[in-house]
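Please go through the structure below with this report alongside.

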Amino acid sequence: MTSERDDSFPKLDESFQVDKPRIERAMREILIAIGENPDREGLVETPARVARMYAELFKGLSQDPAKHLQKFFTEKYDSMVIVRDIEFHSMCEHHFLPFIGKAHIGYIPQGRVVGLSKLARVVETVARRPQLQERMTETIADLLKDELNALGVGVVVEATHSCMTLRGVKKPGSYCVTSAMKGTFRSNAKTRAEFLKLALKK
Ligand code: ZN
């Protein structure tokens with residue numbers, strides 16, 4: 001049999017509404033499958049709660065993160081801009097467990113500068129999807145590079161993964177660090193070092 005797996009991401013549809021009744025039915029099934037009684041008092045509202053929670057946690061699937069970068073200022077500023085410690089919560093797509101951490105973003109503008117809060121909005125939108133930390137890091141860097149036509153972009157993400165701390169290898173306190181460097185942040189070691197020094201300063 002040939003595999004008919006569809007590996008593509010769902011097309012971004014801003015009018016998409018999460019199908020909460022479907023999540024409720026599925027959650028009820030999970031409760032039965034683990035040997036619980038979905039009708040007991042403590043669980044009776046759980047499927048509806050989980051449905052509302054998933055709608056919130058995955059709302060980034062129907063939002064275009066590029067939107068936040070399309071309102072920029074035209075400025076002659078051409079030195080590095082860094083925003084660090086942007087907190088985020090995301091969901092590991094392999095286990096559907098949260099990973100929580102901070103993103104540090106730097107870029108060198110080429111005429112286009114965005115409001116600092118917009119960078120946090122980009123992180124928030126990208127995080128609110130079933131994610132991999134590696135992909136999230138790359139996506140944020142690509143968005144900045146493309147939308148702002150930045151000379152260079154650096155993104156470092158540090159996060160702790162529940163799927164590593166609660167189950168499997170159970171390594172509480174371990175951090176996963178990923179980075180993506182574009183343009184001059186990739187080609188110029190001095191630029192990259194300056195960014196990393198400022199971004200990771202404790
Ligand atoms: Zn995981």
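## A buried valine

Val-157 is buried, with a relative accessible area of 0%. Buried means under 20% relative accessible area, exposed over 50%, and partly exposed in between (1.4 Å probe, protein chains only). Val-157 sits in strand S6 (residues 152-161). Strands (E, at least two residues) and helices (H or I, at least four) are DSSP runs, numbered from the N terminus. Leaving aside neighbours within four places in sequence, Val-157 has contacts that include Phe-88, Lys-102, Gln-133 and Cys-176. Contact means heavy atoms within 4.5 Å. From Val-157 to Phe-195 is 38 residues in sequence and 13 Å in space, C-alpha to C-alpha.

The model is predicted: local features need pLDDT of at least 70, side-chain atom pairs count only at pLDDT 80 or more, and totals for chains, interfaces and linings use all residues. Residues are numbered from 1 along each chain as its sequence is written, and side-chain values use heavy atoms, with hydrogens and water left out.

## Aromatic pairs

How many aromatic pairs are there? The count comes to 5. Rings of Phe, Tyr and Trp (its six-membered ring) pair if their centres lie within 6.5 Å; planes under 30 degrees apart count as stacked, over 60 as edge-to-face and the rest as tilted. Tyr-54 and Phe-58 form an edge-to-face pair, because their ring centres are 5.4 Å apart and their planes stand at 65°. Phe-58 is buried, at 9% relative accessible area. Ring pairs join Tyr-54, Phe-58 and Phe-96 into a cluster.

Phe-185 and Phe-195 are also edge-to-face, since their centres lie 5.4 Å apart with planes at 65°. Phe-185 belongs to helix H6 (residues 184-187) and Phe-195 to helix H7 (residues 189-199), so the pair ties together parts 10 residues apart in sequence. Both Phe-185 and Phe-195 are buried.

## Zinc site

Which protein atoms are the donors of the zinc ion? They are Cys-92 (SG), His-95 (ND1) and Cys-163 (SG), 2.1 to 2.2 Å from the ion. Donors are N, O and S atoms within 2.8 Å of the metal (3.2 Å for Na, K and Ca); water is not among the atoms, so sites may look incomplete. Along the chain, the donor spacing is C-x2-H-x67-C. Cys-92 in strand S2 (residues 81-92) and Cys-163 in helix H5 (residues 162-165) link distant parts of the chain, 71 residues apart. Cys-92 and Cys-163 are buried.

## Pockets

The largest pocket holds about 450 Å³ of space. On a 1 Å grid over the protein atoms alone, a pocket is an open set of points where a 1.4 Å probe fits, with protein on both sides within 12 Å along at least five of seven lines; lining residues have an atom within 4 Å of a point. Its lining has 17 residues, and Phe-16, Gln-17, Val-18, Phe-58 and Leu-61 lie nearest the centre. Helix H1 (20-33) and helix H2 (46-57) each give two or more residues to this lining.

The second largest pocket has about 230 Å³. Grid points are joined across faces, edges and corners, and a volume is the space filled by probe spheres set on the points. Its lining includes Phe-9, Leu-61, Glu-93 and Arg-129.

## Positive phi

Asp-85 has phi near 60°, a positive value in a residue other than glycine. Asp-85 is in strand S2 and is partly exposed, at 36% relative accessibility. Asn-149 has a positive phi too, near 50°. Asn-149 lies in the loop between H4 and S6 and is partly exposed at 39%.
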